[in-house]
Amino acid sequence: MDKLRCSYRFLLVVLLLLMSITGVMAQDELPDLEGQTVTVAVENAYPPFNSIVDGEAIGWDYDTIAEICARLNCEPEFVTTAWDGMILAVANGEYDMAADGITILPDRAEVVDFSQGYVTLQQVLLARADEERFTNADELVADESFVVGVQPGTTNYFTAVDLVGEERIVAYDTFQVAVLALIAGDVDAVVMDDVAGQGYVGVQADAVKIVGEPLTATEELGFIFPPGSELVAAVDAALDSMRADGTLERLNNKWFVYNGQEPEEE
């Protein structure tokens, strides 16, 4: 029995060593961008992905791209860019990439290249924390006096149109403004991604809440690049390595679960 236990322990040690070596090899095999500056378009108005808090740019995009560039030997240069022109600007090569919680869609893939998906999500309804007039999408739809705030040009906008019709939609330049309008009572709900919705609830639990079931099936988000960009393969390789060693999961938990705080180790 003791020999058998020793054999199991030996095999476990060998397996752990092989996993460690494999991880090191994968890291060594990542492309080297030789210090290249990579311009990254962000909105800085879409927490928890990117926002400005007390003059500091923070969010999942900043942490994740910093980690990607650390692995690929590049220097990220973040550029604040309005959402309504972001995809076209990247398609035209004005930026090397964009990171703004962008849903991977076939029509978008016709004009830009996408990275692999880095997170899946669903769309939800955000309402005021004290909302009692409706508890789900069906009740919202049933009362034609209710209006919905949303950002144009997003998948959330098209979901809102399908839900209540264009005549009951109020468009805002950013989701931050839409949420402020919701809190102020100018609109009755906001359609947004559940990840972003959880971010707003995390910082304003006394003001907003998510109501009802998700409005859509799961969707994937990815970074976008000009067509034919060599950065796609490099970024995908970095994401693979981050997924393999747990870094991507840690960052997802930090920003999508713990509202920008590192979770305490048990």
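Which residues form one aromatic cluster? In this predicted model, the members are Tyr46, Phe49, Trp60, Tyr118, Phe175, Phe223 and Phe256.

## The aromatic cluster

Let's start with the rings. A pair of aromatic rings is described by the distance of the centres and the angle of the planes. The count of aromatic pairs comes to 11. One of them joins Tyr46 and Phe49, with 5.4 Å centre to centre and 20° between the planes, and it is stacked. Tyr46 has a relative accessible area of 3%, so it is buried. Phe49 is buried too, at 0% relative accessibility.

Trp60 and Phe223 give another pair to look at: their ring centres sit 6.0 Å apart with the planes at 25°, so this pair is stacked. Here the partners come from distant parts of the chain, since Trp60 belongs to helix α2 (residues 60–72) and Phe223 to strand β14 (residues 219–225), 163 residues apart. Trp60 is buried at 0% relative accessibility, and Phe223 is buried with a relative accessible area of 0%.

An open sheet is made of 3 strands in the order β2-β3-β4, and the pairing is antiparallel. The edges are β2 (45–46) and β4 (56–58), each of which pairs on one side only.

Between β2 and β3 (residues 50–53), the antiparallel pairing runs over 2 bridges. Tyr46 has Asn50 of β3 as its bridge partner. So what else does Tyr46 do, and with which residue is it stacked? Its stacked partner is Phe49, as described above.

Of the 7 residues in β14, 6 are buried, so the strand is largely enclosed by the rest of the structure.

Which strands pair with β14? Strand β6 (residues 97–103) runs antiparallel to β14 and is joined to it by 3 bridges; within that pairing, Ala98 is the bridge partner of Ile224.

## Helix α2 against helix α9

Two packed helices are described by the angle between their axes and the distance between the axes. For α2 and α9 (residues 231–244), the angle is about 105° and the axes are 9 Å apart. That makes the two helices roughly perpendicular.

On the α2 side, the contact is made by Thr64, Glu67, Ile68, Arg71 and Leu72. The α9 side supplies Ala234, Val235, Ala238, Leu239, Ser241 and Met242. By type, the residues of this contact divide into 7 nonpolar, 2 polar and 2 charged.

## Glu34, out in a loop

Glu34 lies in the loop between α1 (2–28) and β1 (36–42). Is Glu34 buried or exposed? Its relative accessibility is 69%, so Glu34 counts as exposed.

Leaving aside residues up to four places away in sequence, Glu34 touches Leu72 and Asn73. Glu34 and Leu72 are 38 residues apart in sequence, with their C-alpha atoms 8.0 Å apart in space.

Methods:
Residues numbered from 1 in each chain as written. Predicted model: local features only at pLDDT ≥ 70, side-chain atom pairs only at ≥ 80, totals over all residues. Heavy atoms only, no water. Pairing = 2+ DSSP bridges. Helix = DSSP H or I, 4+ residues; strand = E, 2+ residues; numbered from the N terminus. Phe/Tyr/Trp six-rings, centres within 6.5 Å; stacked < 30°, edge-to-face > 60°. Buried < 20%, exposed > 50% of the residue type's maximum accessible area, 1.4 Å probe, protein only. Axes fitted to C-alpha atoms, helices over the stretch in contact; angles between N-to-C directions. Parallel < 35°, antiparallel > 145°, perpendicular 65-115°, else oblique. Contact = heavy atoms within 4.5 Å. Nonpolar A, V, L, I, M, F, W, Y, C, P; charged D, E, K, R; others polar.
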